[in-house]
Amino acid sequence: MKLLTSLCALSLAVGLVAVRAAESKKENGAEGKTDAKTDAKEVAVMKTTEGDMVFAFWSEVAPKTVENFKALSKKGFYDGTAFHRIIKGFMIQGGDPNTKDPSKESLYGQGDPGYKIKAEFNDRSHQFGVISMARSNDPDSAGSQFFICNGDASQLDHKYTAFGKLIKGDDVLKKISDTPVVPSRGGEPSKPTKRIEIKSIQLVPVDSIK
């Protein structure tokens, strides 16, 4: 009798395990399509007054930098900022919160989110369409400002943190790069003659891009 009772208890326990396993498989296996879609690789859609550009991230070589860029984008930090520095054949620079206010033009290029992030220099070369973090002389001084290469800028390799690449919108990057410029306050011929604004940066699944 005791043996029979033990066998019944064991059978019940095995049955419960089987049920739980089936439920887990249903939630996380072939039928867990919702979870899989949520974890889909994200890309950034940068909407500007000159058109949209889409960037894929290089999380495998610059995880913290990508995480920081995504966090700022999600909270709308970049909305209303402008590209304040344009050098054709080299790069366009943006991401400075000071550029939201035209009256702060003298401070353009000096803004940040209130903190700095450590550099993640890597082997990805700075070529056309690559997005990388702007910084001062201190390697660990990047915050929110970034630049997008519009030509071969391989002289910056291993000195700046490249963290993604343009996958759609080459024409928009070229259009922005062709914007006429005048000398900046420091004398560099890089100040755009018209305001080119970032309306928003949205993070979307890569499979939603057509």
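Predicted model: local features only at pLDDT ≥ 70, side-chain atom pairs only at ≥ 80, totals over all residues.
Strand 4 (residues 91–94) and strand 6 (residues 146–149) run antiparallel and are joined by four bridges. Within this pairing, Met91 stands opposite Cys149 in strand 6.

- Strands of a sheet pair through backbone hydrogen bonds, in either a parallel or an antiparallel way.
- Here, eight strands make an open sheet with antiparallel pairing, and their order is 3-4-6-5-7-2-1-10.
- Strand 3 (85–87) and strand 10 (198–205) each have a single partner strand, so one side of each has no neighbour in the sheet.
- From one strand to the next, the twist averages 25 degrees.

**Helices on the sheet**
- Helix 3 (residues 63–74) packs on the sheet, and its contacts include strand 1 (42–48), strand 2 (51–57), strand 5 (130–133) and strand 7 (162–168).
- Helix 3 also touches strand 10, and the directions of the two make an angle of about 120 degrees.
- Helix 4 (residues 170–177) packs on the sheet too, touching strands 1, 2, 3, 4, 6 and 7.
- The direction of helix 4 makes about 115 degrees with that of strand 2.

**The largest pocket**
- The largest pocket holds about 900 Å³ of space.
- It is lined by 38 residues, of which His84, Arg85, Gln93, Tyr108 and Gly109 are the closest to its centre.
- Strand 4 returns here: strand 4 and strand 9 (189–192) each supply at least two residues of the lining.
- Strand 9 gives the most to this lining, with three residues.
- By type, the lining residues divide into 13 nonpolar, 15 polar and ten charged.

Notes
Residues numbered from 1 in each chain as written. Heavy atoms only, no water. Pairing = 2+ DSSP bridges. Axes fitted to C-alpha atoms, helices over the stretch in contact; angles between N-to-C directions. Contact = heavy atoms within 4.5 Å. 1 Å grid on protein atoms, 1.4 Å probe; cavity = no way out; pocket = protein on both sides within 12 Å on 5 of 7 lines; lining within 4 Å. Points joined across faces, edges and corners; volume = space filled by probe spheres on them. Nonpolar A, V, L, I, M, F, W, Y, C, P; charged D, E, K, R; others polar.
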